[in-house]
Amino acid sequence: MRRALRQAEMGLEKNEVPVGCVIAHEGRMVAGAHNLRETLSDPTAHAELIALTQAAEALGDWRLEGTTVYCTLEPCCMCAGALVNARVERLVYGLADQKSGACGSVLNVLQMPQLNHRVEVTGGVLADEVLELMQRFFKPQRSK
């Protein structure tokens with residue numbers, strides 16, 4: 001999760017919403033990314049989607065079985081759906097997203113019995129540090 005936080009800080013330096021994501025497979029990091037929506041003018045450039053693409057390339061397969069995704073913020077429904085479709089084994093996230101979280105807060109896409117895969121979820125890891133980082137980004141935005 002510390003590596004995901006470092007990724008989020010890199011996004012903050014680019015004036016992106018500071019969300020970071022890393023993916024591990026067999027004890028080693030295979031992908032790391034941060035939000036790039038503003039930089040790329042791309043609504044899909046979430047940290048999780050970029051990291052999933054990197055991990056698939058690194059592992060040579062779109063099926064990311066046996067991987068753990070570490071994300072600073074609870075993924076949205078778009079990203080949660082991608083985690084299911086990629087067959088990710090486990091998600092560990094920091095801060096719950098009470099507005100658009102799709103891993104247990106607003107929705108729970110990762111555990112839907114109608115889908116063909118479930119993702120194990122652990123939330124709240126380093127949540128206070130993630131919250132502080134998000135506040136550093138949003139406080140100046142709100143005072144404009």
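Below are my entries on the core, a helix, a pocket and a few single residues.

**Entry 1: the core**

I kept in mind throughout that this is a predicted model. I began with the largest nonpolar core, which has 37 residues. Which of them touch the most other members? I got I23, L52, V88, L91 and L110. Then I looked up where the core residues come from. Helix 1 (2-13), helix 3 (47-59), helix 4 (77-85) and helix 5 (127-142) each give at least two. So do strand 1 (20-25), strand 2 (28-34), strand 3 (67-73) and strand 4 (90-95). A reminder to myself: in soluble globular proteins, nonpolar side chains tend to be buried together.

**Entry 2: L110 and V119**

I picked L110 from that group and listed its contacts, skipping neighbours within four places in sequence. On the list are A80, L83, V84 and L91, then A102 and C103, and finally H117, R118, V119 and V121.

I found V119 in the loop between strand 4 and strand 5. Is V119 buried or exposed? It is buried, at a relative accessible area of 1%. With residues up to four places away in sequence left out, V119 touches L83, V84, V88, E89, R90, L91, L110 and Q111. I also checked one C-alpha pair: V119 and R90 are 29 residues apart along the chain, yet 5.3 Å separates their C-alpha atoms.

**Entry 3: helix 1**

I took the span of helix 1 first. Its twelve residues reach 17 Å from first C-alpha to last, close to the 16 Å expected at 1.5 Å a residue. Which residues of helix 1 are buried? My list reads A4, L5, Q7, A8 and G11. They sit on the same side of helix 1, because the arc they cover around the axis is only 160°. What do these buried residues pack against? I noted strand 1, strand 2, strand 3 and helix 5. Just after helix 1, I came across N15 with a positive phi of about 60°.

I logged S41 next: it is not a glycine, but its phi is positive, about 50°. S41 belongs to the loop between helix 2 (37-40) and helix 3. S41 is exposed, with a relative accessible area of 67%.

I placed L126 in the loop between strand 5 (120-122) and helix 5. At 25% relative accessibility, L126 counts as partly exposed.

**Entry 4: H25**

I wanted a look at a histidine in strand 1, and H25 lies there. Not counting residues up to four places away in sequence, H25 touches V30, L59, E65, G66 and T67.

**Entry 5: the largest pocket**

The largest pocket holds about 560 Å³. I counted 21 lining residues, and those closest to the pocket centre are L73, D97, S100, M134 and F138. Which element supplies the largest share of the lining? Helix 5 does, with five residues.

Key: Residues are numbered from 1 along each chain as its sequence is written. This is a predicted model: local features need pLDDT of at least 70, side-chain atom pairs count only at pLDDT 80 or more; totals for chains, interfaces and linings use all residues. Side-chain values use heavy atoms; hydrogens and water are left out. A nonpolar core is a set of buried Ala, Val, Leu, Ile, Met, Phe, Trp, Tyr and Cys residues joined through side-chain atoms within 4.5 Å. Buried means under 20% relative accessible area, exposed over 50%, partly exposed in between (1.4 Å probe, protein chains only). Helices (H or I, at least four residues) and strands (E, at least two) are DSSP runs, numbered from the N terminus. Contact means heavy atoms within 4.5 Å. The expected span of a helix is 1.5 Å times one less than its number of residues. The arc is that of the directions from the helix axis to the C-beta atoms. On a 1 Å grid over the protein atoms alone, a cavity is a set of points where a 1.4 Å probe fits but cannot get out, and a pocket is an open set with protein on both sides within 12 Å along at least five of seven lines; lining residues have an atom within 4 Å of a point. Grid points are joined across faces, edges and corners, and a volume is the space filled by probe spheres set on the points.
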